[in-house]
Amino acid sequence: MYTTFDRNAQRKHRHLRIRGKIKGTTARPRISIYRSNKYIYAALIDDSCHKTLCSSSSAKLGLENPSNCAAAAEVGKDLAKKALDLKVKEVVFDRSGYLYHGQVQALAEACREAGLVF
């Protein structure tokens with residue numbers, strides 16, 4: 001018996017382990033990230049009352065190339081702007097099992113530059 005290598009299954013397992021430690025509260029919501037092959041999505045989530053406060057994605061922004069680091073940075077800026085409009089300054093960053101590299105790093109740094117603290 002042999003198993004096949006499933007990168008997404010391993011990512012989901014890492015995500016479950018991370019979610020056991022990270023919780024978003026009303027005072028400090030969680031930024032959750034999802035990357036598909038074509039787009040990148042980010043959402044601001046309050047886990048205490050199970051609500052998504054705001055979200056942004058490269059699909060909604062209508063970017064020319066929605067799957068690169070520049071698109072991820074635009075998503076981060078847009079999400080940070082929406083969060084600041086909701087008077088949310090401090091957040092918890094949930095990388096959802098992805099490596100902190102490339103698109104995830106670009107999104108996080110853009111959020112920080114726009115004024116979010118994590």
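Me: Charges first. How many positive and negative side chains does the protein chain have?
Reply: There are 21 positive and 11 negative side chains in the protein chain. Lys and Arg count as positive, Asp and Glu as negative, while His and the chain ends are not counted.

Me: And how far apart are the centres of the two sets?
Reply: The two centres lie 6 Å apart. Each charge is placed at NZ of Lys, CZ of Arg, CG of Asp or CD of Glu.

Me: What sort of model is it, and how are residues numbered?
Reply: It is a predicted model: local features need pLDDT of at least 70, side-chain atom pairs count only at pLDDT 80 or more, and totals for chains, interfaces and linings use all residues. Residues are numbered from 1 along each chain as its sequence is written, and side-chain values use heavy atoms, with hydrogens and water left out.

Me: OK, the fold. Which pattern does the protein chain follow?
Reply: Along the sequence, the pattern is α-β-β-β-α-α-β-α. That comes to four helices and four strands. Both are DSSP runs numbered from the N terminus: helices are H or I with at least four residues, strands are E with at least two.

Me: What's the radius of gyration?
Reply: The protein chain has 14 Å. A compact globule of 118 residues would be near 13 Å, so the value agrees. The radius is taken over C-alpha atoms, and the globule rule is 2.2 Å times the number of residues to the power 0.38. The C-alpha atoms fill a box of roughly 55 × 35 × 20 Å along the principal axes.

Me: How much of the protein chain is buried?
Reply: Buried residues make up 41% of the 118. Buried means under 20% relative accessible area, exposed over 50%, and partly exposed in between (1.4 Å probe, protein chains only).

Me: Switching to cysteines. How many disulfides are there?
Reply: The structure holds zero disulfides. The cut-off is a pair of cysteine sulfur atoms within 2.5 Å.

Me: Are C54 and C69 buried or partly exposed?
Reply: C54 is buried, at 11% relative accessible area. C69 is partly exposed, at 38%.

Me: C111 came up. Which residues of helix 4 are buried?
Reply: In helix 4 (residues 103–113), they are Q103, V104, A106, L107, A108, A110 and C111.

Me: What covers them?
Reply: The cover includes strand 1 (30–35), strand 2 (40–46), helix 3 and strand 4 (92–94).

Me: Where is A83?
Reply: A83 is in helix 3. A83 counts as buried because its relative accessibility is 0%.

Me: What does A83 touch?
Reply: Not counting residues up to four places away in sequence, A83 touches L44, C54, V88 and L116. A contact means heavy atoms within 4.5 Å.

Me: Last one, S67. Where is that?
Reply: S67 is in the loop between helix 2 (58–61) and helix 3 (69–85). S67 is partly exposed, at 32% relative accessibility.

Me: Which residues is S67 in contact with?
Reply: Leaving aside neighbours within four places in sequence, S67 contacts N37, K38 and Q103. S67 and K38 are 29 residues apart in sequence, but 5.3 Å apart in space, C-alpha to C-alpha.
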